[in-house]
Amino acid sequence: MIFNKETAHKTAELLLQINAIKLNPKNPFTWASGWKSPIYCDNRITLSFPEIRKFLKQEFANNIISKYGKPDVIAGVATGAIGIGLLVAEALDLPFVYVRPEPKKHGRQNQIEGQLEPGKSVIVIEDLISTGKSSLQAVEALKENGANILGMAAIFTYEFQVAEDNFKHAGIELTTLSNYSSLLENAVNQKYISDSDLDTLQEWRKNPSEWNQ
């Protein structure tokens, strides 16, 4: 689910402009998972562009307040969403924590960095949703520490069915600034891709793990 269509298209446009999202159907990328993909997304690049990070920060802040009211804490998922999560927390004048993929092996062996008291309402910020597995692991870590999770907000989602199923099974509402559908619409309108590229990109999303094998 996107916060609103206007934001979705504007966000997609900005991500394409700065190459945070790259589309290359003719020479696919290889993800860490081994999947072949005609698209690659690195939203951390947005942090290097002050006007764009300001736009994302404000859209997150405005839409979180509109949808959920003011939570007690903002939590970012490490490492990709630490930067944007902190910006959102600052915009809302809220405490911030971040969640590691697993507890540290040394020191206090924290998985959650920052102060999180049990019973606090939390919005989790993520930069990118693919299958949702790592994002939901962060949610579980927060729950185990007594957090009341209101929902998760992300910059972008590939809209994989497996992610939708995973979030539904976990009972966590996901809302994003933009998504794959909005990206393709924008890419066609701005002539980033041809009609044949569009067909390839649409086909890939149907079964990404088996595409181009």
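This is a predicted model: local features need pLDDT of at least 70, side-chain atom pairs count only at pLDDT 80 or more; totals for chains, interfaces and linings use all residues.

Biologist: What makes E5 and strand E6 (residues 96-99) a pair, and in which sense do they run?

Modeller: Two strands pair if DSSP finds at least two bridges between them. E5 and E6 have 4 bridges, in the parallel sense, so they pass that test.

Biologist: What counts as a strand or a helix here?

Modeller: They're DSSP runs, numbered from the N terminus: helices (H or I) need at least four residues and strands (E) at least two. Strand E5 takes in residues 73-77, and helix H3 residues 82-92.

Biologist: Why is E5 called mostly covered?

Modeller: Buried means under 20% relative accessible area, exposed means over 50%, and partly exposed is in between (1.4 Å probe, protein chains only). In E5, 5 of its 5 residues are buried. Val73, Ala75 and Val77 point one way, Ile74 and Gly76 the other way, and all are buried.

Biologist: What makes E5, H3 and E6 a right-handed unit?

Modeller: Look with the strands pointing away from you: a crossover is right-handed if the path from the first strand over the helix to the second runs clockwise. E5, H3 and E6 make a right-handed β-α-β unit. So do E8, H4 and E9, and there is also E9, helix H5 (residues 161-170) and E10.

Biologist: What makes something a nonpolar core, and which residues have the most contacts inside the largest one?

Modeller: A nonpolar core is a set of buried Ala, Val, Leu, Ile, Met, Phe, Trp, Tyr and Cys residues joined through side-chain atoms within 4.5 Å. The largest has 67 residues, and Phe60, Ile125 and Leu142 have the most contacts inside it. Helix H2 (residues 50-68) gives the most to this core, with 7 residues.

Biologist: Which residues does leucine 142 touch?

Modeller: Contact means heavy atoms within 4.5 Å. Leaving aside residues up to four places away in sequence, leucine 142 touches Ala75, Val97, Val99, Ile112, Leu116, Val122, Val124, Ala147 and Ile149.

Biologist: Why is lysine 133 called exposed?

Modeller: Its relative accessibility is 56%, over the 50% cut-off, so lysine 133 counts as exposed. Lysine 133 sits in helix H4 (residues 133-144). An unreviewed UniProt entry also lists it under "binding site", along with others including Arg100, His106 and Asp127. Such annotations may be inferred rather than shown by experiment.

Biologist: Is asparagine 19 exposed, partly exposed or buried, and how do you know?

Modeller: Partly exposed, because its relative accessible area is 43%, which falls between 20% and 50%. Asparagine 19 lies in the loop between H1 and E1, and its phi is positive, near 65°, in a residue other than glycine.

Biologist: What about lysine 191: where is it, and how exposed?

Modeller: Lysine 191 is in the loop between H6 and H7. At 71% relative accessibility it is over the 50% mark, so it counts as exposed. Lysine 191 has a positive phi of about 60° although it is not a glycine.

Biologist: Which peptide bond is cis?

Modeller: The one joining alanine 78 and threonine 79, with omega about -5°. Threonine 79 is in the loop between E5 and H3.

Notes. Residues are numbered from 1 along each chain as its sequence is written. Side-chain values use heavy atoms; hydrogens and water are left out.
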